[in-house]
Amino acid sequence: MSETRRKLTTIFSADVQDYSRLMGADEEGTLATLKRYRDAMARLIESRDGRVVNTWGDGLIAEFASVVEAVRAAVDIQNELAGLNAGRPSAARMFFRIGINLGDVIAEGGDIYGDGVNIAARLQASAPAGGVVISNTVYDQVRNKVAVGFDFLGQLEVKNIEGGVPSYAVRIGAAEDRTSQTASPAFGRQAQAVPAAAGEPARRHARIYRVLGMIAAGIVVINLLSWQGELWAVWPLFAMGMAAAFLWIRTTQLDRGFATLALAGLAVVTINLLTWSEEFWARWPLLGLAIAAGIRWAMRARGSARR
């Protein structure tokens with residue numbers, strides 16, 4: 001029997017976007033294209049000192065000793081595949097999605113298993129066609145070491161991982177287009193455009209913040225123009241502030257549970273002050289929230305100790 005051991009490694013997961021559609025349109029052609037693209041991926045992975053662990057259907061799992069080389073390999077792959085796609089009809093182009101995670105895995109023989117692999121697969125599933133999404137553990141290692149940009153996508157929900165996994169889209173930019181030996185101007189622009197779509201959540205949230213800001217300003221103006229001695233605008237402003245704060249919690253790297261408890265405490269204190277009647281009744285809800293935060297901390301510490 002093969003020896004089972006644990007190790008820390010960089011997991012690279014990839015699959016084909018719309019593979020079923022491509023197979024339905026042309027099985028033999030799709031399989032030939034898949035083999036050609038997969039051979040190119042394997043070559044580029046090996047050139048960055050990576051190892052293809054397994055392939056199945058349209059999927060591929062690889063591992064790297066270096067986090068930086070894993071991200072560089074992903075950029076190389078998306079650039080080269082974009083070049084191969086440039087010469088194909090639009091309906092027959094094959095785009096891969098790539099997810100990369102640095103995590104602890106169980107190694108047995110030549111295979112790897114565990115949450116580290118599962119996270120990489122979830123990151124890959126969340127990537128756009130032709131895009132790369134990485135976990136925060138990868139981002140922390142590569143953010144100042146590779147010539148690419150990153151868009152924070154928020155917390156990615158992953159089974160058995162409490163609080164989710166902060167994730168980032170790799171923005172394949174001009175630096176790679178200039179230095180890549182396989183890239184041409186035509187598919188360099190394409191490689192830059194496709195992964196940028198993964199930053200849409202951050203842009204959408206920014207638009208929501210701007211809309212909330214304009215609505216808040218409008219409410220204040222209406223209150224002042226119809227002034228009757230009461231600043232009633234404070235309550236809708238409070239509600240919109242809470243909505244904006246909850247939206248921010250969804251995109252922050254902070255623990256969602258603790259952030260939500262802190263926001264609830266702030267809301268309680270604010271309501272107490274806005275309805276002040278010479279009594280600080282908020283102390284009791286704050287005590288309850290503090291107890292809840294303590295219980296959550298203890299449970300997380302216990303879970304970490306078990307792992």
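Analyst: In this predicted model, S135 is part of strand β6, which covers residues 132–135. S135 counts as buried because its relative accessible area is 0%, against a cut-off of under 20%. Two polar contacts involve the side chain of S135. One, of 2.8 Å, is with the side chain of N101. The other, of 2.7 Å, is with the side chain of T137. Setting aside residues within four places in sequence, the contacts of S135 are I100, N101, L102, L123, V165, P166 and Y168.

T30 is classed as buried because its relative accessibility is 6%, with the limit at under 20%. Beyond residues up to four places away in sequence, T30 touches Y19, L22, M23 and M94.

Helix α2 itself spans residues 27–47 and packs against helix α3, residues 67–86. Their axes come within 9 Å and cross at roughly 150 degrees. Because angles over 145 degrees count as roughly antiparallel, α2 is roughly antiparallel to α3. The crossing of these two helices is right-handed. On the α2 side, the residues that meet α3 are R36, Y37, A40, M41, R43, L44 and I45. On the α3 side they are A73, D76, I77, E80, L81, L84 and N85. By type, the residues of this contact are 9 nonpolar, 1 polar and 4 charged.

Two loop residues have a backbone feature to check. D49, in the loop between α2 and β2 (50–56), has a positive phi of about 65 degrees, although D49 is not a glycine. D49 is exposed because its relative accessible area is 66%, where the cut-off is over 50%. D18 also has a positive phi, of about 60 degrees, and is likewise not a glycine. The loop that holds D18 runs between β1 (4–16) and α1 (19–25). With a relative accessibility of 41%, D18 is classed as partly exposed.

Conventions:
Residues are numbered from 1 along each chain as its sequence is written. This is a predicted model: local features need pLDDT of at least 70, side-chain atom pairs count only at pLDDT 80 or more; totals for chains, interfaces and linings use all residues. Side-chain values use heavy atoms; hydrogens and water are left out. Axes are lines fitted to C-alpha atoms, for helices over the stretch in contact, and angles run from 0 to 180 degrees between N-to-C directions. Helices (H or I, at least four residues) and strands (E, at least two) are DSSP runs, numbered from the N terminus. Angles under 35 degrees count as roughly parallel, over 145 as roughly antiparallel, 65 to 115 as roughly perpendicular and the rest as oblique. A crossing is left-handed if the near helix is turned anticlockwise from the far one by less than a right angle, and right-handed if clockwise. Contact means heavy atoms within 4.5 Å. Ala, Val, Leu, Ile, Met, Phe, Trp, Tyr, Cys and Pro count as nonpolar, Asp, Glu, Lys and Arg as charged, and the others, Gly among them, as polar. Buried means under 20% relative accessible area, exposed over 50%, partly exposed in between (1.4 Å probe, protein chains only). A polar contact is a pair of N or O atoms within 3.5 Å; within protein, one must be able to donate a hydrogen and the other to accept it, and residues adjacent in sequence count only if both atoms are side-chain atoms.
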